[in-house]
There are 2 protein chains.
Amino acid sequence: MESRLEKRVSNTGLRLTAQRRIIARAICLIEDHPSVDEIHRKALETNPNISIATVYRTLRLFEELGLLDKHEFNQSRARYEEATENHHDHLIDIETGKTIEFHDKEIEALQKEIANENGLRLIGHRMELYVRPLGS
Amino acid sequence: MESRLEKRVSNTGLRLTAQRRIIARAICLIEDHPSVDEIHRKALETNPNISIATVYRTLRLFEELGLLDKHEFNQSRARYEEATENHHDHLIDIETGKTIEFHDKEIEALQKEIANENGLRLIGHRMELYVRPLGS
DNA sequence: GTGAAAATGATTATCATTATCGTTATCACA
DNA sequence: TGTGATAACGATAATGATAATCATTTTCAC
Ligand SMILES: [Mn+2]
Ligand SMILES: [Mn+2]
Ligand SMILES: [Zn+2]
Ligand SMILES: [Zn+2]
């Protein structure tokens, strides 16, 4: 089955090479914001010759096209996810790294307000909430 | 004049070596969240032998003691500031890198609420608002 | 002053990411 | 269907920020 991301890649007019198809599919198969080497490992299951260089290149390409969002939670290596229709932010479990996505209209509005109060236009933001399970 | 940071270093019982004193002073002399090599360059003005290794070591030490806060705005190299009494977040000009500090009680409360609604305890967060001057 | 422990400076190692470059695949068109 | 131009790939080297190592120097309690 063709993944949503594969369709979007071909819609850009970009060459949908075997490697790009495999990488796109790998991202969809892994849950929760995979890292570059998680994506590479998953891609290797389909084509054991796919190069890490191609993975880096392709992820950057997809990101520049707006098909992927790149995150750098916690100053660590990059993690990716399919770009979503609607913006969201993340709760991140500091033990396990697991994330929960959320969107808070109130916060988003306040952020814009704060920028405006300072005579500035809000272009983007990063908000990450680092959490623990309640009983710990 | 002894800087606030120098006093706080000696209060920890830590050896206040010449290098640590110079690095502490350098941080206070530079405005707006200096990077490691900005701090190093400023320190070299006082002692031209101070090693970049000592700067990294000392910054990490001060951070672990809670005397400094470390930021990684925009996926780039680390920037430091003296730890403040009260928490704040940052507006960051995406052209110049200049920052404005702010604190919004409402947002802070909402963040805690969001964590709690998900059965989680909020340990910390990162919030950066990326902005442009209004006429651009 | 002396010796153990800590700190420093110089240098090397690490790790994620990017650049390079020779080879291979793709595509427009004859 | 061949053919060249161009794009993409794989292997590997380079980069850049930061951490680790280790021999030397400094500090401090005695
Ligand atoms: Mn997400
Ligand atoms: Mn600040
Ligand atoms: Zn948001
Ligand atoms: Zn905050």
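User: Two strands pair if DSSP finds at least two bridges between them. In this predicted model, how many bridges join strand β5 of chain A to β5(B)?

Analyst: Strand β5 of chain A covers residues 120-133. Its partner is β5(B), and the two run antiparallel. A pair needs at least two bridges. Here the number of bridges is 13.

User: Which residue of β5(B) stands opposite Y130(A)?

Analyst: Two positions show how the chains line up. P133(A) stands opposite L120(B) in β5(B). Facing Y130(A) in that strand is G124(B).

User: Y130(A) also has a partner within chain A. Which residue is its bridge partner there?

Analyst: Strand β5(A) is joined to β3(A) by four bridges. These two strands run parallel. The bridge partner of Y130(A) is I92(A).

User: Which residue of β4(A) is the bridge partner of I92(A)?

Analyst: Strand β3(A), residues 89-93, is joined by four bridges to β4(A), residues 99-102. They run antiparallel. In β4(A), the partner of I92(A) is T99(A).

User: Which residue takes a positive phi in the hairpin of β3(A) and β4(A)?

Analyst: Five residues lie between the strands of this hairpin. One residue there has a phi near 85°. That residue is G97(A).

User: What pattern does chain A follow along the sequence?

Analyst: Chain A has five helices and five strands. Its C-alpha atoms fill a box of roughly 50 × 40 × 25 Å along the principal axes. Read along the sequence, the pattern is α-α-α-α-β-β-β-β-α-β.

User: How much area do chain B and chain A bury between them?

Analyst: On each side the contact takes in a set of residues: 32 of chain B touch 32 of chain A. Of the buried area, 64% is on carbon and sulfur atoms. The total is about 3000 Å².

User: Which residue of chain A forms a salt bridge with R126(B)?

Analyst: Across the interface, the rule finds two salt bridges. The one at R126(B) has its closest N and O atoms 3.6 Å apart. That falls within the 4 Å cut-off, so the pair counts as a salt bridge. The partner of R126(B) is E128(A).

User: Which element supplies the largest share of the side of chain B that touches chain A?

Analyst: Between the chains, eight residue pairs are in polar contact. On the chain B side, β4 (99-102), α5 (105-117) and β5 (120-133) each supply at least two residues. The largest share is 14 residues, and it comes from β5(B).

User: How many residues of that side are nonpolar?

Analyst: Sorted by class, the side of chain B that touches chain A has seven charged residues and eight polar ones. The nonpolar residues number 17.

User: What kind of axis relates chain B to chain A?

Analyst: Chain B can be laid on chain A by a turn of 180°, with a shift of 0.0 Å along the axis. The RMSD is 0.0 Å. That relation therefore belongs to a two-fold axis.

User: In chain B, which residue has the C-alpha nearest the axis?

Analyst: The C-alpha in question lies 2.2 Å from the axis. The residue is M127(B).

User: What percentage of the contact residues of chain B recur in chain A?

Analyst: Both copies use the same surface. The share that recurs is 100%.

User: How many residues apart are E38(A) and R79(A)?

Analyst: The whole structure has 22 salt bridges over all chains. E38(A) and R79(A) form a salt bridge at 3.6 Å, N to O. It links distant parts of the chain, with E38(A) in helix α3 (residues 36-46) and R79(A) in strand β2 (residues 79-82). Their separation is 41 residues.

How values were computed. Residues are numbered from 1 along each chain as its sequence is written. Chains are lettered from A and ligands numbered from 1 in the order in which they are written. This is a predicted model: local features need pLDDT of at least 70, side-chain atom pairs count only at pLDDT 80 or more; totals for chains, interfaces and linings use all residues. Side-chain values use heavy atoms; hydrogens and water are left out. Contact means heavy atoms within 4.5 Å. Buried area is the accessible area (1.4 Å probe) that two parts lose on being put together, summed over both. A salt bridge is a side-chain nitrogen of Lys or Arg within 4 Å of a carboxyl oxygen of Asp or Glu. A polar contact is a pair of N or O atoms within 3.5 Å; within protein, one must be able to donate a hydrogen and the other to accept it, and residues adjacent in sequence count only if both atoms are side-chain atoms. Ala, Val, Leu, Ile, Met, Phe, Trp, Tyr, Cys and Pro count as nonpolar, Asp, Glu, Lys and Arg as charged, and the others, Gly among them, as polar. Copies are superposed by least squares on the C-alpha atoms of residues with pLDDT of at least 70 in both.
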